[in-house]
Amino acid sequence: MAELGLNEHHQNEVINYMRFARSKRGLRLKTVDSCFQDLKESRLVEDTFTIDEVSEVLNGLQAVVHSEVESELINTAYTNVLLLRQLFAQAEKWYLKLQTDISELENRELLEQVAEFEKAEITSSNKKPILDVTKPKLAPLNEGGTAELLNKEILRLQEENEKLKSRLKTIEIQATNALDEKSKLEKALQDLQLDQGNQKSEFQKTLNDKTENQKSLEENLATAKHDLLRVQEQLHMAEKELEKKFQQTAAYRNMKEILTKKNDQIKDLRKRLAQYEPED
């Protein structure tokens, strides 16, 4: 199946829109066809026509078809604006600024790629059984959605943190092994310097290569440590942000208010109990 370079979720969204557009296009084409059919049934009832009569018939048909096509083009443009509005509104919730490249809308290669994608999607959908599935609405980007996204980001950072830890451990082992091998080579070189002068050059080259490898491993180790610190800092900030969001919720405020009332009740009970205790 043709691909558009998008993930599965976004590709499915594109497919849903293309099905919608194909349905609207089919309805409009049926309307245009009916214009011609109506003309045949209402006007083409005589055997011969004069030039003026043919011209009049064609002008009338042109006006009707022009109106139908113009209406569809306008509706398509407005529909695309509503689609862009949905995407931009979601992006603005996260303070993102999306950009479009209008010139890409006339890229013949990309247009042909979309056509191939639609053709493959039609072929694939025709082979699948028709299911009555109600499409879910877009989830509102409220505080609940924000918390959910923060949780997902925390999980992603935790996974990246674990991967970096594993990578760091691997690099540390490689660096340790490289140091041990370097030490062995240096000792072997010292032992061979007395009676293996001819092999010294080649051996030195191997040692230099190992040294370069050790430097590379040390650089990778430092990079991995920096990445680990970066991810841990992002994780800490995400957890703080999630906690801040929770403290702003009504459930947290209600719970805090209940605890405050309970503490006041306990203090009051203690004062009243103290009045009934016998003095020494």
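**Labels and the values behind them**

Author: In H2, the buried residues are Val57, Leu61, Val65, Glu68, Glu72, Thr79 and Ala91. This is a predicted model, in which local features need pLDDT of at least 70 and side-chain atom pairs count only at pLDDT 80 or more, while totals for chains, interfaces and linings use all residues. Residues are numbered from 1 along each chain as its sequence is written, and side-chain values use heavy atoms, with hydrogens and water left out.

Reader: Why is leucine 61 called buried?

Author: Buried means under 20% relative accessible area, exposed means over 50%, and partly exposed lies in between (1.4 Å probe, protein chains only). Leucine 61 has 11% relative accessibility, and therefore counts as buried. It is found in helix H2, residues 51-93; helices are DSSP runs of H or I with at least four residues, numbered from the N terminus.

Reader: What does leucine 61 touch beyond its sequence neighbours?

Author: Not counting residues up to four places away in sequence, leucine 61 touches Cys35, Phe36 and Leu39, where contact means heavy atoms within 4.5 Å. Leucine 61 and leucine 39 are 22 residues apart in sequence, yet their C-alpha atoms are 7.4 Å apart in space. Helix H1 (8-42) is included in what covers the buried residues of H2.

Reader: What makes the length of H2 agree with that of a helix?

Author: The expected span is 1.5 Å times one less than the number of residues. For the 43 residues of H2 this should give 63 Å, and the end C-alpha atoms are 63 Å apart, so the two values agree. Just after H2, tyrosine 95 takes a positive phi of about 60 degrees.

Reader: Why does glutamate 68 count as buried?

Author: Its relative accessible area is 18%, so glutamate 68 falls within the buried class. Glutamate 68 is found in helix H2. Neighbours within four places in sequence aside, it is in contact with Arg28, Thr31, Val32 and Cys35.

Reader: How do you know that glutamate 68 and arginine 28 form a salt bridge?

Author: A salt bridge is a side-chain nitrogen of Lys or Arg within 4 Å of a carboxyl oxygen of Asp or Glu. For the side chains of glutamate 68 and arginine 28, the N to O distance is 2.6 Å, and the pair meets in a salt bridge. Glutamate 68 lies in helix H2 and arginine 28 in helix H1, so the pair ties together parts that are 40 residues apart in sequence. Arginine 28 has a relative accessible area of 24% and is therefore partly exposed.

Reader: How many salt bridges does a search of the whole structure find?

Author: The search finds 12. Among them is the one between glutamate 116 and lysine 119, whose closest N and O atoms are 3.8 Å apart. Both residues lie in helix H3 (residues 108-127), 3 residues apart, or about one turn of the helix. An α-helix has 3.6 residues a turn, so residues three or four places apart point the same way. Glutamate 116, at 44%, is partly exposed, whereas lysine 119, at 51%, counts as exposed. Glutamate 257 and lysine 261 also meet in a salt bridge, at 3.5 Å from N to O. Arg22, Arg25 and Glu118 are linked in a network of salt bridges.

Reader: What makes up the largest nonpolar core?

Author: A nonpolar core is a set of buried Ala, Val, Leu, Ile, Met, Phe, Trp, Tyr and Cys residues joined through side-chain atoms within 4.5 Å. The largest has 12 residues, including Ile154, Leu168, Leu221 and Leu242. Helix H4 (143-192) and helix H5 (197-247) each supply at least two residues of this core, and H5 gives the most, with 7 residues. Apart from this core lies another, of 6 residues, among them Val32, Val57, Leu61 and Val65.
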